[in-house]
Structures are given as structure tokens and as C-alpha cells.
Amino acid sequence: GVLDGSDVFELIAFIESLQVSTSQAIAGDPALGETLFKSRGQCLACHTLGTVGSMLGPDLSEVGRKRSSQYLRTKFIEPEKEVSPDFHLVQLNTQSGEKLFGIIVNEDTFSIQIRTRSGELVSKTKRDLKALERKGATVMPSYRRDFTQIELEAITAFLATLRGSQ
């Protein structure tokens, strides 16, 4: 069959996710990276490692097996590049004036369920919404100004070690 625009995007993202070179040299101290990831980076506020963290963003338990170190490094500097549609930010404005921000967990013709930044699951019927705005963006901040080059390399090195329980 013919692929529409969203199918092509998902296919490209999947193919790119398979292109991980195990021969890439990764500069950086993974132990320092882990410390920064879990402390100053506040990465577990949105991501999970195993059973620890929040499910707002993708689980990173196997990210070193799924993504190249170049991809990981770029994600810290330019998080808005290549955002999976599964993690786009949406804003719900209810008829009662409530504004909710989060990512879509599930959506059908009549309802939508989102996960807010605090991790809360919220379900709304679409008839109770005044507006549903798809931001097409990510909630992940850029760490360009927060971390030095050495610190970014350390976090990248740490994430590259995360290969799940193979």
C-alpha cells in the first residue's frame, strides 16, 4: 500500500534508530554522567531508568543500544530535533477554563488521555474541551547553557552504557 506522511516519518525514525555504530569512540566519564543525569540534569523527572523516574518522556533503560552517541549528544543540545509524535506536547483548554499540558497517552474520537508533567494521568471527553492544541514540541529543555562540553560528553557516555538486560 501507499504510505502517508505520518507513516513515512515513523518509518524513517525507526530506520534511524537502528543505525547505531558500536565502534563509535565515546569520550567522557560515564560515572560523572550518571551523577549529572540523576542530580543537576533532573532527567528522572521526565524519564525512567528501569523502575525509577517519571513516564512523561521515553524510557532510557536501553537507549545506548537503540541510539547512537551522536544522536544522544544532539538531543541534549537541540531536544526539539526529531521529536517522536508519541512525545509531542499538547494543551487542553476545558469549557470550564482549565488549562492542562502534557503528552497524549491515548486518543479516540470521543476522548483524550494525557500524562501531565507531574506524571498525573488525565482523561477528558472531547465535548468538554474548548480547544485541543497540538504543540508539536518537546518538554525536554536544552542543556546547551547548563552543562559544559565535558559534562555533556559524560552524560552521553553514561547513556551509551544503558543497554537494558540483554
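**Packing in a predicted model**

Reader: Which side chain makes a polar contact with the side chain of Thr94, and at what distance?
Author: We're still on the residue in strand E3. The partner is the side chain of Ser96, and the polar contact is at 3.0 Å.

Reader: Over to Leu132: how far is its C-alpha from that of Asn93?
Author: Leu132 sits in strand E7, which covers residues 129-134. Along the chain, Leu132 and Asn93 are 39 residues apart.

Reader: Which residues is Leu132 in contact with, leaving aside neighbours within four places in sequence, and how does its accessibility class come out?
Author: With those neighbours set aside, the contacts of Leu132 are Gln91, Leu92, Glu107 and Ile112. Its relative accessibility is 28%. Buried needs under 20% and exposed needs over 50%, so Leu132 counts as partly exposed.

Reader: What about Gln113: where does it lie, what does it touch, and is it buried or exposed?
Author: Gln113 belongs to strand E5, residues 111-116. Not counting residues up to four places away in sequence, Gln113 touches Ile103, Ile104, Val105, Asn106, Glu107, Val122 and Ser123. Its relative accessible area is 18%, and because the cut-off is under 20%, Gln113 is buried.

Reader: Now the helices: how are the axes of H4 and H5 oriented to each other?
Author: H4 runs over residues 69-77 and H5 over residues 149-160, and their axes come within 9 Å, crossing at roughly 130°. That angle makes H4, relative to H5, oblique.

Reader: What handedness does that crossing have, and which residues make the contact?
Author: The crossing of H4 and H5 is right-handed. On the H4 side, the contact is made by Ser69, Leu72, Arg73, Phe76 and Ile77. From H5 come Leu152, Ile155, Thr156, Leu159 and Ala160.

Reader: How does the contact of H4 with H5 split by class?
Author: Leu72 and Arg73 of H4 and Thr156 of H5 are among the residues making it. By class, the contact has seven nonpolar, two polar and one charged residues.

Reader: Which residues of H4 are buried, and what is included in what covers them?
Author: The buried ones in H4 are Ser69, Tyr71, Leu72, Arg73, Lys75 and Phe76. What covers them includes H5 and helix H3, residues 63-66.

Reader: For the torsion check, what is phi of Gln42, and where is that residue found?
Author: Most residues other than glycine have a negative phi. Gln42 is found in the loop between helix H2 (30-38) and strand E1 (48-49), and at 59% relative accessibility it counts as exposed. Phi of Gln42 has a positive value, near 50°.

Reader: What is phi of Glu82?
Author: Glu82 is found in the loop between H4 and E3. At 44% relative accessibility, Glu82 counts as partly exposed. Its phi is positive too, with a value near 55°.

Terms used. Residues numbered from 1 in each chain as written. Predicted model: local features only at pLDDT ≥ 70, side-chain atom pairs only at ≥ 80, totals over all residues. Heavy atoms only, no water. Helix = DSSP H or I, 4+ residues; strand = E, 2+ residues; numbered from the N terminus. Buried < 20%, exposed > 50% of the residue type's maximum accessible area, 1.4 Å probe, protein only. Contact = heavy atoms within 4.5 Å. Axes fitted to C-alpha atoms, helices over the stretch in contact; angles between N-to-C directions. Parallel < 35°, antiparallel > 145°, perpendicular 65-115°, else oblique. Left-handed = near helix turned anticlockwise from the far one by under 90°. Nonpolar A, V, L, I, M, F, W, Y, C, P; charged D, E, K, R; others polar. Polar contact = N/O pair within 3.5 Å; in protein donor to acceptor, adjacent residues only side chain to side chain.
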